[in-house]
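Biologist: Before I plan around this protein, could you take me through its model, giving the criterion behind each term as we go?

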Amino acid sequence: AEHRARFLEALGSDAALLFAAPHHIRNGDAEYLYRQTSDMLYLSGWTEPECALLFRPGSDAPFVMFVQPKDPAKEVWTGIREGPEGARDRFGADEAFAYAELAERLPDLLQGVRTLHYRFAEDFDRDRLLVGAIASARRKARENGLDVPDTFVDPTRILHEQRLCKSAAEVAILDRAVEDG
């Protein structure tokens, strides 16, 4: 929560969109062990794939998560999922939705945003989803006069600088890890 608060403050009036690491198949139906991106862990603690974080400082819901929904049939094979309820209750999201709703909801959530922190060229499908959402938001903006993103900044400019500065609690954890080493 502290990391999110610092990130939201650093964004000012900008917004940010971050995605979880993709899931990779090794061969056939065997998967590599999943590892979440460090930025996603730093801002949310979320360890599951198929997740997007949207930060909109100054809005009614500044921290929005899009996550995999609960699905008992799939959870037998993949493990228990937190779902949108867990994203809100355990991970502090102001709003949470199923990941499948991202393309539908993103155009409205981008209304009023001028600068978006997003890392292009990591995943073509995500880039295409965002470009489509902006095009849709632009069409709606003609009717309501709100801004849509027209300036893009890599979020790691802020995030990686913040991740270098450790709190006393984080230093203590690092010290314990070295001792247990």
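Predicted model: local features only at pLDDT ≥ 70, side-chain atom pairs only at ≥ 80, totals over all residues.

Modeller: Residues are numbered from 1 along each chain as its sequence is written, and side-chain values use heavy atoms, with hydrogens and water left out.

Biologist: How many residues does the largest nonpolar core have?

Modeller: A nonpolar core is a set of buried Ala, Val, Leu, Ile, Met, Phe, Trp, Tyr and Cys residues joined through side-chain atoms within 4.5 Å, where buried means under 20% relative accessible area, exposed over 50%, and partly exposed in between (1.4 Å probe, protein chains only). Among the residues with the most contacts inside the largest core are Phe7, Leu43 and Trp46. Elements giving two or more residues to this core include α1 (2-11), β4 (52-55) and α7 (156-164), helices (H or I, at least four residues) and strands (E, at least two) being DSSP runs numbered from the N terminus. The size of the largest nonpolar core is 22 residues.

Biologist: Which side chain does His117 join in a polar contact?

Modeller: His117 lies in strand β7 (residues 115-117) and is buried, because its relative accessible area is 4%. Contact means heavy atoms within 4.5 Å, and, not counting residues up to four places away in sequence, His117 touches several residues, including Leu11, Val153 and Ile158. A polar contact is a pair of N or O atoms within 3.5 Å; within protein, one must be able to donate a hydrogen and the other to accept it, and residues adjacent in sequence count only if both atoms are side-chain atoms. At 2.9 Å, the partner of the His117 side chain is Asp14.

Biologist: Is Gln111 buried or partly exposed, and which backbone oxygen does its side chain reach?

Modeller: Gln111 sits in the loop between α5 (102-109) and β7, and it counts as buried because its relative accessibility is 13%. Its side chain reaches, at 2.8 Å, the backbone oxygen of Ala137.

Biologist: How far apart in sequence are the parts tied together by Lys140 and Asp108?

Modeller: A salt bridge is a side-chain nitrogen of Lys or Arg within 4 Å of a carboxyl oxygen of Asp or Glu, and Lys140 forms one with Asp108, the closest N and O atoms being 2.8 Å apart. Lys140 lies in helix α6 (residues 124-144) and Asp108 in helix α5, so the pair ties together parts whose separation in sequence is 32 residues.

Biologist: Which residues are linked with Asp154 in a network of salt bridges?

Modeller: The side chains of Asp154 and Arg119 meet in a salt bridge (3.5 Å, N to O). Asp154 is in the loop between β8 and α7, and Arg119 in the loop between β7 and α6. The network joins Asp154 with Arg119 and Glu122.

Biologist: Which residues make the nonpolar surface patch of about 250 Å²?

Modeller: One member lies in strand β8 (residues 151-153), namely Phe152, which counts as partly exposed because its relative accessibility is 35%. Patches are made of residues with over 30% relative accessible area and no salt bridge, like charges being joined within 9 Å and nonpolar side chains (Val, Leu, Ile, Met, Phe, Trp, Tyr) within 5 Å. The patch is made by Phe120, Val131 and Phe152.

Notes
Areas by Shrake-Rupley, 256 points an atom, 1.4 Å probe, with all protein chains shown as cover.
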